[in-house]
Amino acid sequence: MLLKMILEKINRKNKIDQSELFKLGAIAGLLQVVYIVLVATFIILVESVFPDDSKGVIIGITSFLIVFIFSALVSGVIMLGLPFYFATQQKYKESLIVLASSAVSLIAILIIMILGRLFLY
């Protein structure tokens, strides 16, 4: 639904405001962080399901790799989906702005988390 609204808004305009592009990149970065937190929580919760004995090692490794590959797919769609869409529309400048603002928002959130960890604990 959110993607449909974004694509409709993009298709209506020939030229998109740079502030809109920065917002879209920031939203993508924030969605990526939310997804990372959800996957980390899932891994922590599921860790207790798999036994530590040698019989469960193959199942544990296989399950981890499946989650890893699926996570890479979802992360690729979140971070590269809109820039790829712009690139296919030959809007390379818009594509780079969204991609760069996504990366900057991820780095900014990481810095905030590290500083919070340093000063609050």
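Visitor: Above what relative accessible area does a residue count as exposed, and how does Q90 in this predicted model compare?
Guide: Exposed means over 50% relative accessible area, and buried means under 20%. Q90 lies in the loop between α3 and α4. Its relative accessibility is 61%, so Q90 counts as exposed.

Visitor: What is the phi of Q90?
Guide: Q90 is not a glycine, yet its phi is positive. The value is about 60°.

Visitor: Which helix has the lowest confidence, and which the highest?
Guide: The protein averages a pLDDT of 87, and 88% of the residues score at least 70. Where pLDDT is low, the predicted coordinates should not be read in detail. The lowest mean, 68, belongs to helix α1 (residues 2-12), and the highest, 94, to α4.

Visitor: Is the F64 and F68 pair stacked or tilted?
Guide: The whole structure holds 2 aromatic pairs. In the pair formed by F64 and F68, the ring centres are 6.1 Å apart and the planes stand at 20°. Planes under 30 degrees apart count as stacked. The F64 and F68 pair is therefore stacked.

Visitor: Where do F64 and F68 lie?
Guide: They are 4 residues apart, about one turn of the helix. F64 has 47% relative accessibility, so it counts as partly exposed. Both F64 and F68 lie in helix α3.

Visitor: Why is the pair of Y85 and F86 called tilted?
Guide: The ring centres of Y85 and F86 are 6.2 Å apart. Stacked pairs need planes under 30 degrees apart and edge-to-face pairs need over 60. The planes here stand at 55°, so the pair is tilted.

Visitor: Is F86 buried or exposed?
Guide: F86 is one of the residues of the largest nonpolar core. Its relative accessibility is 0%, so F86 counts as buried.

Visitor: How do the residues lining the second largest pocket divide?
Guide: This pocket holds about 250 Å³ of space. Its lining is made up of F42, I43, V46, E47, F50, D52, G60, S63, F64 and V67, and α2 and α3 are the elements that give two or more residues to it. The lining divides into 6 nonpolar, 2 polar and 2 charged residues.

How values were computed:
Residues are numbered from 1 along each chain as its sequence is written. This is a predicted model: local features need pLDDT of at least 70, side-chain atom pairs count only at pLDDT 80 or more; totals for chains, interfaces and linings use all residues. Side-chain values use heavy atoms; hydrogens and water are left out. A nonpolar core is a set of buried Ala, Val, Leu, Ile, Met, Phe, Trp, Tyr and Cys residues joined through side-chain atoms within 4.5 Å. Buried means under 20% relative accessible area, exposed over 50%, partly exposed in between (1.4 Å probe, protein chains only). pLDDT is the predictor's confidence in each residue, from 0 to 100. Rings of Phe, Tyr and Trp (its six-membered ring) pair if their centres lie within 6.5 Å; planes under 30 degrees apart count as stacked, over 60 as edge-to-face and the rest as tilted. On a 1 Å grid over the protein atoms alone, a cavity is a set of points where a 1.4 Å probe fits but cannot get out, and a pocket is an open set with protein on both sides within 12 Å along at least five of seven lines; lining residues have an atom within 4 Å of a point. Grid points are joined across faces, edges and corners, and a volume is the space filled by probe spheres set on the points. Ala, Val, Leu, Ile, Met, Phe, Trp, Tyr, Cys and Pro count as nonpolar, Asp, Glu, Lys and Arg as charged, and the others, Gly among them, as polar.
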